[in-house]
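Student: Could we go through this model together, one question at a time?
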Amino acid sequence: MSCLPIKILSLLLVTMLLSALHAEKRREPLTEAEIDQLRDQAQEPDLRLKLYIKFARARLDALDKMRSDPKTTDRGTQTRDGLQNFLDVYDELNDNIDTYEDRKSDFRKALKSVIEADIEFQAKLRALQSSSNTNPAEIKVYEFLLQTALDTVDSSIKDHRETLAEQEQEAKQKKKPSSKSTSPE
């Protein structure tokens with residue numbers, strides 16, 4: 001009978017340790033400097049989203065630079081890590097868009113920049129996917145994550161365009177009542 005509480009306590013301890021290890025593995029996708037820049041723009045959707053675009057672009061540029069460097073070793077793993085870095089930042093961008101949309105913020109200007117960046121990101125990811133000078137063993141290391149990144153960007157382009165259309169419609173609706181309220185006689 002006394003063995004049961006010890007087993008339960010041991011199981012609880014192991015579960016807590018595994019949870020702590022899992023939480024420790026999750027890393028912040030942004031650098032301290034990037035976090036500071038975002039903190040300074042917390043109330044400005046246009047500027048904040050443009051910062052996320054800049055950070056995501058920097059992740060893809062670093063990935064391109066690494067892949068073109070002939071001295072790079074373990075290119076498959078580094079490509080996978082670079083794709084994960086991009087996806088982490090891109091997910092943060094999408095989370096911020098959702099937040100601003102929930103707050104009913106008007107961020108049409110930033111959304112236009114986001115859509116332009118989406119198209120750029122999509123082209124870079126497709127170029128990586130169709131790169132002919134990559135050996136098959138290397139591709140296997142990152143192909144799932146590359147497909148995930150492409151799927152995410154593809155669906156986000158659609159979502160971002162829909163959000164922009166909704167924002168445009170809301171802006172038109174807001175303008176209509178004000179033009180009727182003051183008419184000279």
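Tutor: Helices (H or I, at least four residues) and strands (E, at least two) are DSSP runs, numbered from the N terminus. This is a predicted model, so local features need pLDDT of at least 70, side-chain atom pairs count only at pLDDT 80 or more, and totals for chains, interfaces and linings use all residues. Residues are numbered from 1 along each chain as its sequence is written, and side-chain values use heavy atoms, leaving out hydrogens and water.

Student: Where does Asp 74 lie?
Tutor: Asp 74 isn't a glycine, yet its phi is positive, about 55°. Most residues other than glycine have a negative phi. As for its place, Asp 74 sits in the loop between H3 and H4.

Student: Is Asp 74 buried or exposed?
Tutor: Buried means under 20% relative accessible area, exposed over 50%, and partly exposed in between (1.4 Å probe, protein chains only). Asp 74 has 52% relative accessibility, so it counts as exposed.

Student: What is the relative accessibility of Lys 104?
Tutor: Lys 104 comes after H4, in the loop between H4 and helix H5 (108–129). Its phi is positive too, near 60°. Lys 104 counts as exposed because its relative accessibility is 60%.

Student: How many Å does H4 reach from its first C-alpha to its last?
Tutor: H4 covers residues 75–102, which is 28 residues. The expected span of a helix is 1.5 Å times one less than its number of residues. H4 comes close to the expected value, with a reach of 40 Å.

Student: At what angle do H3 and H4 pack?
Tutor: Axes are lines fitted to C-alpha atoms, for helices over the stretch in contact, and angles run from 0 to 180 degrees between N-to-C directions. The axes of H3 (residues 45–68) and H4 are 9 Å apart, and their angle is about 170°.

Student: Why is H3 roughly antiparallel to H4?
Tutor: Angles under 35 degrees count as roughly parallel, over 145 as roughly antiparallel, 65 to 115 as roughly perpendicular and the rest as oblique. H3 and H4 are roughly antiparallel because of their packing angle, about 170°.

Student: How many nonpolar residues does the contact of H3 with H4 have?
Tutor: Ala, Val, Leu, Ile, Met, Phe, Trp, Tyr, Cys and Pro count as nonpolar, Asp, Glu, Lys and Arg as charged, and the others, Gly among them, as polar. Besides 6 polar and 5 charged residues, this contact has nonpolar ones, and they number 14.
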